[in-house]
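Dear colleague,

I am handing over the structure we spoke about, and below it you will find a short account of what turned up when I went through it. Please have it open beside you as you read.

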Amino acid sequence: MSDLLERLRGRGWRVTSQRRVVAEVLDGDHVHLTADEVHARAVQRLPEISRATVYNTLGELVSLGEVIEVSTDGRAKRYDPNAHRPHQHLVCSGCGTIRDVHPAGDPLAALPAGERFGFAVSDVEVTYRGLCPACA
């Protein structure tokens with residue numbers, strides 16, 4: 001069983017065959033699929049699953065905090081199931097491939113107190129950009 005599916009079952013999420021397939025498609029360390037990609041993969045496993053069901057399920061998973069919506073450079077939103085492990089993203093400027101990265105240290109520590117302008121900072125998002133080996 002996928003980690004995501006186990007977490008969802010632990011929360012008492014009603015697991016229908018459609019929801020199960022979406023959770024299984026999203027399982028993995030470096031999964032950052034668009035909704036259309038999730039639907040295409042889900043249809044291979046469950047041909048009758050509708051695009052609306054996939055979109056609704058993704059919306060629920062984001063609302064539950066089990067999946068993160070990732071938007072980069074005006075491209076289609078992608079869905080990241082690694083919501084419970086702090087990480088940053090490495091994005092290819094050419095093809096849009098996204099990889100999870102886990103840099104050492106606290107990214108908040110890089111923001112000097114004088115640059116916080118009195119904010120009580122609660123979260124940091126860092127995106128590294130470059131070209132992947134296929135695009136370089």
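Leu 4, Leu 5 and Leu 8 of helix α1 are in contact with Arg 20, Ala 23, Glu 24 and Leu 26 of helix α2, and by class the residues of this contact divide into five nonpolar and two charged, with no polar ones. Please bear in mind throughout that this is a predicted model, and that what I describe was computed from it.

Helix α1 covers residues 3-10, and its axis lies 7 Å from that of α2, the two packing at an angle of about 135°. Since angles over 145 degrees would count as roughly antiparallel and those from 65 to 115 as roughly perpendicular, α1 and α2 are therefore described as oblique to each other.

Helix α2, which spans residues 17-26, also packs with helix α3, which spans residues 35-45; their axes come within 9 Å and cross at roughly 120°. This pair, α2 and α3, is therefore oblique as well, and the crossing of α2 and α3 is right-handed. On the α2 side the contact is made by Val 21, Val 22, Glu 24, Val 25 and Leu 26, and on the α3 side by Val 38, Arg 41, Ala 42 and Arg 45. Sorted by class, the contact of α2 with α3 holds six nonpolar and three charged residues and no polar ones.

Which residues lie nearest the centre of the largest pocket? They are His 87, Gln 88, Val 124, Glu 125 and Val 126, out of a lining of 26 residues, and the volume of this pocket is about 610 Å³. Strands β2 (68-70), β4 (88-92) and β6 (127-130) each contribute at least two residues to the lining.

With best wishes

Key
Residues numbered from 1 in each chain as written. Predicted model: local features only at pLDDT ≥ 70, side-chain atom pairs only at ≥ 80, totals over all residues. Heavy atoms only, no water. Axes fitted to C-alpha atoms, helices over the stretch in contact; angles between N-to-C directions. Helix = DSSP H or I, 4+ residues; strand = E, 2+ residues; numbered from the N terminus. Parallel < 35°, antiparallel > 145°, perpendicular 65-115°, else oblique. Left-handed = near helix turned anticlockwise from the far one by under 90°. Contact = heavy atoms within 4.5 Å. Nonpolar A, V, L, I, M, F, W, Y, C, P; charged D, E, K, R; others polar. 1 Å grid on protein atoms, 1.4 Å probe; cavity = no way out; pocket = protein on both sides within 12 Å on 5 of 7 lines; lining within 4 Å. Points joined across faces, edges and corners; volume = space filled by probe spheres on them.
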